[in-house]
Amino acid sequence: MEADINPRSVINRATRAVTALTATALALAIPPAAGLPHASAASGQAGPVSVTGVHPSGATYAIEVPRNWNGTVLTFSPGYGQGAGPQHLPADLGANTAAQSWLLAHGYALAGTRPYGSGWAVEETLRASADTLARFAEVAGKPTTTLAWGGSMGGAIAAGLAERRPDLIDGALPYCASVAGPVAMLNQSLDAAFAFKTLLAPGDDAVRLVRLASADEEARSAAAARAVLDAAQQTPDGRARIALAASFAQVSTWSVTGTAEPAARDWAAQEAQEYAAFMATVFSPRYPLEQRAGGNFSWNTSVDYRRELQESGRMKQVRALYDSAGLDLDADLAALAAAPRVSADPGAVTYMENYFTPRGALGVPVLTMHERGDNYPTVTQARAYSDVVRRAGKGAMLRQAFVDRPGHCRYTGAEFVAAVQTLRNRVTTGRWTDVDAHQLDRLAARLAAEDPDLGTAEFVHYTPGRFLRPHVPRGEE
């Protein structure tokens, strides 16, 4: 897509863009991001600056710098399926409106990147984020502190920058993020889908697990699975088997926004929450990811489902529902053990390891933020991430915050700003403070008292259960 461009015309176009407080939508020649020092004093053009534009790759970017810029920039990466495409959709700046307004009013600059491609566009966004930071230095000057953040897939990109590009950023805030990596995440989904098909749709060729031929085939498979799921929910046998399958994907028993958390032994209410989230968690889009990876990157060739159930924390719930239905749990587990398994394509696994499966080798401090009832990804991914970071010897670089609600990426402005301030404080002082849930709540309360638009905060002490199918790239176990 890149063409020969006259350097003087590039400079003239960039100058006009800044003067008009908007960027042209022309492809500009971006200097290599690796040459961007990020630890020098903020310099260059004073704010306010408001720039949008298109990188040579087709990715779009947006930059907002306030007049009282404090030298910190937050660079945002978006979630799954949010590509710019040929219509060059504008890039977002992250968080929510209230948090963005507070950050800009208090001297923080914001930058956002939207990759050209859609789906699992981690590879492109890692490159385009570097281009956006280089563009930022051109129009605003070199920041003193650069923090990467992003939600869901964007959080995985922030985690990727923390490992791969510590030359570009000083800290990372992945929120509601896929930090176990795509291999682990889709293996988790496969386990639940495998149990679902084996026990509730045996012989139903319409329900496909992997190696989908087209988006249309995936849509037909999802429709068939939905019909089976809805029918199963009407019977005690079906509900017991849904709970068993959900245990392998670690689907939250508190999934539905706006509802109270089911009681600890209210097995039926817990299963109803699992049912509500089952399709989106277990049969989430797979075809676009397989196309990007060049094959199937999921497998269950060596999985012991009896052991998985025992380690899922759901044994009491599942056994109670099986007993209530008069079903033989041992027989169903034996059926899973005997069923033909799924193997992976090694090249596809390697691609998804590269884009991006964390190794835990953090180059900068990282603060993750997760909702306790999240399923997209499940909150247990936070545990997978902390485990791999600890094994890499970088546990001191990581802190994790949890919010006490169901849902995905539904943080309040107060929660966003409290997390940003906590991470920035770690970067500037070299030590973690105020990361305890009570301390975060107090910080958020002070922020909300000054700006009620930020809303309230619900940070909570929480330790997720062990992620059942963690994956670390070969040689780094």
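A residue counts as buried when its relative accessible area is under 20%. That cut-off is a handy starting point for this predicted model, in which 57% of the 477 residues of the chain count as buried. F194 is one of the buried residues, because its relative accessible area is 3%. Y305 is buried as well, with a relative accessible area of 2%.

It is worth looking at these two side chains together. The ring centres of F194 and Y305 lie 5.5 Å apart and the planes meet at 15°, so the pair is stacked. This pair joins distant parts of the chain: F194 sits in helix α5 (residues 182-200) and Y305 in helix α10 (residues 305-312), 111 residues apart.

Aromatic pairing in the model extends beyond this example, with a count of 13 aromatic pairs. In one of them, the rings of W102 and Y108 have centres 6.4 Å apart and planes at 40°, so this pair is tilted. Both partners are again in the buried class: W102 has a relative accessible area of 4%, and Y108 has one of 3%. Elsewhere, a single aromatic cluster is made up of W149, Y175, Y411 and F416.

Turning to the chain as a whole, the fold contains 16 helices and 8 strands. Among contacts with a separation of 6 or more, 80% come from residues 24 or more positions apart.

Terms used. Residues numbered from 1 in each chain as written. Predicted model: local features only at pLDDT ≥ 70, side-chain atom pairs only at ≥ 80, totals over all residues. Heavy atoms only, no water. Phe/Tyr/Trp six-rings, centres within 6.5 Å; stacked < 30°, edge-to-face > 60°. Buried < 20%, exposed > 50% of the residue type's maximum accessible area, 1.4 Å probe, protein only. Helix = DSSP H or I, 4+ residues; strand = E, 2+ residues; numbered from the N terminus. Contact = heavy atoms within 4.5 Å.
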